[in-house]
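Thanks for coming. I will go through one model today, and I will keep to the packing and a few backbone points.

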Amino acid sequence: HYLAAHAGFQILEAGGNAVDAGVASGIAMGVLQTDKVNFGGVAPLIVYLAKKKEIHCIDGLGVWPKAITPHFFQKFHGGKIPASVLRSIVPAAPDSWITALERFGTMTFGEVASAAIRFARDGFPMYPLMSEFIGDNQSSYERWPASKKVFLPKGRPPLPGELFVQADLGRTLQYLADVEKANRRKGRRLALRAARDAFYKGDVAAAIVKYHQREGGLMRMEDFADFNIKFEPTVKAKFHGIEVHACGPWSQG
């Protein structure tokens, strides 16, 4: 989405490095293209450090709750994964974005997430591709009152040009930024860790777990508290003299 690209460009203009800008664009996409990807989803990342000629790959993938054993779906659901909260894995994207910032960036979470917060809180003009996707999947959004409230605000998919607001998402992102700001005196790294912990060990995790329990899900606080992204080796190949790297076979790429 062009606004996600612009969010990254603004970070570069403000003096941030490429990772700061990439994280800003990625978080913004979780707002601007939330029909396809979101801040509570996945975010595999590859970072190339030109000066050191190093490649780092963050898996950015969530894991099943501990209560879902290897044979859980075979035993209780005939080998199918039901269309319910049982499909949910622990959100990995927040840890992925914040870890990339902590290890390779220079700016704060609040700074790089500022555009995304604005797009969520104040809204952005709905565009045809997203409007069509919501329309094609309207029955799925209607199954969940919370999703229906956001994606079908007038009882129908938002039309292109209409303002699309995601207030709860905006508040969630702002909450993490506020926690980081409150811990600023501890230094940049610890402040970023505090923002991460606000998601995985604080109010956000508690709200998600409460929802899952109400809907028959198996996600618990320990699933969030014990989660950490991993650094994984890339898969590489030569192509016309160029060394090409991709995330490993654990990814969709």
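Let me begin with a question: are F124 and F164 buried or exposed? Both F124 and F164 are buried. Before I go on, please keep in mind that this is a predicted model.

Now the aromatic pairs. The count for this model is 14 aromatic pairs. Take F39 and F199. Their ring centres are 6.1 Å apart and the planes stand at 85 degrees; planes over 60 degrees apart count as edge-to-face, so this pair is edge-to-face. F39 sits in the loop between α2 (18-32) and β1 (45-49), while F199 belongs to helix α11, residues 188-200. F39 and F199 are both buried.

Back to F124 and F164. That pair is also edge-to-face, at 5.8 Å centre to centre and 80 degrees between the planes. F124 is in strand β3, residues 124-125, and F164 is in strand β4, residues 163-164, so the pair ties together parts that lie 40 residues apart in sequence.

Which residues form one aromatic cluster with F39 and F199? The cluster consists of F39, F109, F199, Y200, F224 and F227. One of its members, Y200, also has a charge over its ring: the charged end of R196 sits there, 4.4 Å from the ring centre.

Next, the helix packing, with α2 as the reference. The axes of α2 and helix α6, residues 114-122, come within 8 Å and cross at roughly 10 degrees. Angles under 35 degrees count as roughly parallel, and that makes α2 roughly parallel to α6. On the α2 side the contact is made by I27, A28, V31 and L32, and on the α6 side by A116, F119 and A120. By class, that contact has seven nonpolar residues, no polar ones and no charged ones.

An α-helix has 3.6 residues a turn, so residues three or four places apart point the same way.

Staying with α6, its buried residues are A115, A116, I117, F119 and A120. What do these buried residues pack against? They pack against α1 (2-13), α2, β3, β4 and α10 (167-182). After α6 comes G123, with a positive phi near 90 degrees.

The other partner of α2 to look at is helix α4, residues 93-104. Here the axes are 9 Å apart and the packing angle is about 170 degrees. With the cut-off for roughly antiparallel at over 145 degrees, that makes α2 roughly antiparallel to α4. V19, D20, G22, V23, G26 and I27 in α2 meet W97, A100, L101 and F104 in α4. The residues of this contact divide into seven nonpolar, two polar and one charged. I27 is named in the contact with α4 and in the contact with α6.

V112 lies in helix α5, residues 109-112. Its relative accessible area is 1%, and V112 is buried. Leaving aside residues up to four places away in sequence, V112 touches I11, D20, V23, A24, I27, L101 and M107. For D20, the separation from V112 is 92 residues in sequence and 6.5 Å in space, C-alpha to C-alpha.

Now the backbone. Most residues other than glycine have a negative phi, and most peptide bonds are trans. Which way does K53 go, positive or negative in phi? K53 has a positive phi of about 55 degrees, although it is not a glycine. K53 is in the loop between β1 and β2 (54-58), and it is exposed, with a relative accessible area of 67%. H240 is another non-glycine residue with a positive phi, about 50 degrees. H240 is placed in the loop between β5 (235-239) and β6 (242-246). H240 is exposed as well, at a relative accessible area of 74%.

One last residue. Q213 lies in helix α12, residues 203-214. Q213 is partly exposed, with a relative accessible area of 45%. Between Q213 and F72 there are 141 residues of separation in sequence and 17 Å in space, C-alpha to C-alpha.

That is what I have for today.

How values were computed: Residues are numbered from 1 along each chain as its sequence is written. This is a predicted model: local features need pLDDT of at least 70, side-chain atom pairs count only at pLDDT 80 or more; totals for chains, interfaces and linings use all residues. Side-chain values use heavy atoms; hydrogens and water are left out. Rings of Phe, Tyr and Trp (its six-membered ring) pair if their centres lie within 6.5 Å; planes under 30 degrees apart count as stacked, over 60 as edge-to-face and the rest as tilted. Helices (H or I, at least four residues) and strands (E, at least two) are DSSP runs, numbered from the N terminus. Buried means under 20% relative accessible area, exposed over 50%, partly exposed in between (1.4 Å probe, protein chains only). A charge sits over a ring if NZ of Lys or CZ of Arg is within 6 Å of the ring centre and within 35 degrees of the ring normal. Axes are lines fitted to C-alpha atoms, for helices over the stretch in contact, and angles run from 0 to 180 degrees between N-to-C directions. Angles under 35 degrees count as roughly parallel, over 145 as roughly antiparallel, 65 to 115 as roughly perpendicular and the rest as oblique. Contact means heavy atoms within 4.5 Å. Ala, Val, Leu, Ile, Met, Phe, Trp, Tyr, Cys and Pro count as nonpolar, Asp, Glu, Lys and Arg as charged, and the others, Gly among them, as polar.
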